[in-house]
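Subject: Structure handover

Hello,

The structure is below, followed by notes on what was found in it. Please read the notes with the coordinates open.

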Amino acid sequence: MAVTLSREAERPHVAHLRLDCNDLNLLTLDEADAVRDEIESVPEAVSVLTIAAEQSETAVDEVRGLSAGLNLEWAQSLSPHEGHDLLRAFYEMIEAVRDLDAVVVCGCGEYTLGAAFELAMACEFRIATTDAQLGLPEVNVGLPTVIHGGLLIRLAGMGTAAELIYTGKTLSGTQAVERRLVNRAVEATEYDDAMDDLVDSLASKHPQVLQAQKRVMRRFRSLGLERGMEASIGDIGRTFGTAAQRESMAAFLDDREPEFDG
């Protein structure tokens, strides 16, 4: 099992978490704990994080999915107590993503299902292939969709959430874009470029500003829109006068790329 975290040498505010646990990155308690541990170890200076499967260097026209979800052969004989421990581990894994100050881009690839799709929905951005399989098919294997499956309601509305959760059907990447569940769906040959383009756009923003924006968005989520809007005044107020704000505005007014120190 391998869950790894790396930072870019020339852009240390960009980090990448990669899963290479088994063929389909099927999840057990051990994988959930390993992913959570790596997420919790993301340095404070990181403002952009990608989460995806480790890709093959030879199969250029195939895109490995993030994970096909729960390892059913491992889980089928769990006791109620063990099942509770597993769900707690999934909850903590996904909450670790939601608690990050970094903006998170999830590479869904050709499949992201079950708990892995819940993790993807906790990220700010999701990119998949056009023919990907995406969804929450727990009902098909005798389990209800719980914990972060509720994020589906926020992203796509009650109608789509009910359809996917009660029927266990999956969506293609193209269909998921139409339902506002992923940001982009591209052909397999364009997948790496789509990920890189989005990361490049995010990485060009000053890390402190991007992290401040993430905290504002988290308050909107946690406090509700009305309280979150008022609470955000302090965040923006503290940004004025910083080097990041001065250089970003100067670069915009001069029609040039900003030059940040560090």
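There are 14 salt bridges in this structure, which is a predicted model.

One of the salt bridges pairs the side chains of D200 and R11, at 2.9 Å from N to O. D200 belongs to helix α7 (residues 191-203) and R11 to the loop between β1 (3-7) and β2 (14-19), so this pair ties together parts 189 residues apart in sequence. D200 is partly exposed, at 38% relative accessibility, and R11 is also partly exposed, at 23%.

D101 and R215 form another salt bridge through their side chains (3.1 Å, N to O). This pair links distant parts of the chain, 114 residues apart: D101 sits in the loop between α3 and β4 (103-113), and R215 in helix α8 (residues 207-223). D101 counts as partly exposed at 25% relative accessibility, and R215 as partly exposed at 27%.

In the salt bridge between R256 and E247, the closest N and O atoms are 2.7 Å apart. R256 is partly exposed at 33%, whereas E247, at 17% relative accessibility, is below the 20% cut-off and therefore buried. Salt bridges with shared partners also join D33, R36, D37 and E92 into one network.

On helix packing, the axes of α1 (residues 29-40) and α3 (residues 80-98) come within 9 Å and cross at roughly 25°. That angle is under 35 degrees, so α1 is roughly parallel to α3. Their crossing is left-handed.

On the surface, L87, Y91, V146 and I147 form a nonpolar patch with about 280 Å² of accessible area together. I147 lies in the loop between β5 (125-135) and α5 (151-167) and is partly exposed, at 34% relative accessibility.

Regards

Conventions. Residues numbered from 1 in each chain as written. Predicted model: local features only at pLDDT ≥ 70, side-chain atom pairs only at ≥ 80, totals over all residues. Heavy atoms only, no water. Patch = residues over 30% accessible without salt bridge, like charges linked within 9 Å, V, L, I, M, F, W, Y side chains within 5 Å. Areas by Shrake-Rupley, 256 points an atom, 1.4 Å probe, with all protein chains shown as cover. Salt bridge = Lys/Arg side-chain N within 4 Å of Asp/Glu carboxyl O. Helix = DSSP H or I, 4+ residues; strand = E, 2+ residues; numbered from the N terminus. Buried < 20%, exposed > 50% of the residue type's maximum accessible area, 1.4 Å probe, protein only. Axes fitted to C-alpha atoms, helices over the stretch in contact; angles between N-to-C directions. Parallel < 35°, antiparallel > 145°, perpendicular 65-115°, else oblique. Left-handed = near helix turned anticlockwise from the far one by under 90°.
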